Amino acid sequence: MSTATPSTATQAAGILTEVKDPGDRTTKRKGIRSHYPTWFFIPALVLYAVFFAIPSLSSFYFSLTRWSLFDAQFIGFANYVQFFQDPQLYTSFIHTLVYAVLTSGAKVIIGFFLALLLTSPVVGRGYLRAIVFFPVLLSTIGVGILWKALLDPFHGMVNGVLGFFGLPQPGWFTDPNLALYTIAGVDIWKGVGIATLIFMAGIVAIPNEYYEAARMDGATGWRILRDITIPLSRGATATVIILSLIGGLRSFDIIWATTGGGPGFTSDVLASVIYKQYQAGFYGLSTAGNVVLFLVVTLIMVPLSYFLNRKQVEL
């Protein structure tokens, strides 16, 4: 009769346990492995926190202070009260809305029809695509300086050509009635390329079978555009509207490079008013203005985004 030592019994018990429940280790390993892809989000999360979340939360605090590079004195909502008492606030807010609606609307319309042209079998399509998209690659400040030189009322090329043909030579950036709309035109010229690219992606993604079926049914080009292309480009349209409207509401660099908010205050927008406050050394006041601008953009864009994306096209 054989007897088992305690160590042998322990080993046997361990083997029986593994045989009885072989999925325990596998389950544990799967649990460990399931967290593996999560680690790849950490660098992006750190960058987001350092460069966006923390500065954004800090700006809310500093908007309640009178601060400099060396100290900060808590003053409550005094900065907001002073900001809303600025005599240029109402005018700059109207200018901001006009500028944003004008530029975003033009980019949607022009971008859509350029996309239709550049997705059709037109001669030199690749060359035309490069021309349309080229301004997007340029620096915004560079574009502002370029057009300020071209549209100079006395030495600019545009007015030189107009004068050669005996046409009026307006002060594009010096006329109070034209300055804001001239800047909007420059912004449209620079930004329509990205709108065109988004629309091209949306149009190319539409299955060709829909167009073939429509042509077999005798649909005209306008009917195809109205019933197929426009409805199925809804996602691209919403994207262009949202991106261009946010850019228009926050626009500053091209305005500052061309007119600096002038002549007078006729092309001032919220962002340029905020920058002028910062230039004057009112850092807490300008921070409060940035918070107000952030809230304005949020209050406009959140319901608009919901409205644009609430309906899905049914085929």
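Let me start with tyrosine 99, which, once its neighbours within four places in sequence are left aside, is in contact (heavy atoms within 4.5 Å) with Leu180, Ile183, Ala184, Asp187, Gly248, Ser251, Ile254 and Ile255. Please keep in mind that this is a predicted model, where local features need pLDDT of at least 70 and side-chain atom pairs count only at pLDDT 80 or more, while totals for chains, interfaces and linings use all residues. Residues are numbered from 1 along each chain as its sequence is written, and side-chain values use heavy atoms, with hydrogens and water left out.

Tyr99 and Ile254 have the most contacts inside the largest nonpolar core, a set of 32 residues; such a core joins buried Ala, Val, Leu, Ile, Met, Phe, Trp, Tyr and Cys residues through side-chain atoms within 4.5 Å, and buried means under 20% relative accessible area, exposed over 50% and partly exposed in between, with a 1.4 Å probe and protein chains only. Its largest share, nine residues, comes from H15, one of the helices (DSSP runs of H or I, at least four residues, numbered from the N terminus). Apart from this core lies another, of 13 residues, including Leu118, Val132, Phe199 and Ala236.

Turning to the rings, the structure holds 16 aromatic pairs, which are Phe, Tyr or Trp rings (the six-membered one for Trp) with centres within 6.5 Å, stacked if the planes are under 30 degrees apart, edge-to-face if over 60 and tilted otherwise. Phenylalanine 112 and phenylalanine 113 have ring centres 5.6 Å apart and planes at 80 degrees, so they form an edge-to-face pair. Phenylalanine 112 is buried at 10% relative accessibility, whereas phenylalanine 113, at 48%, is partly exposed.

Definitions and conventions
Helix = DSSP H or I, 4+ residues; strand = E, 2+ residues; numbered from the N terminus.
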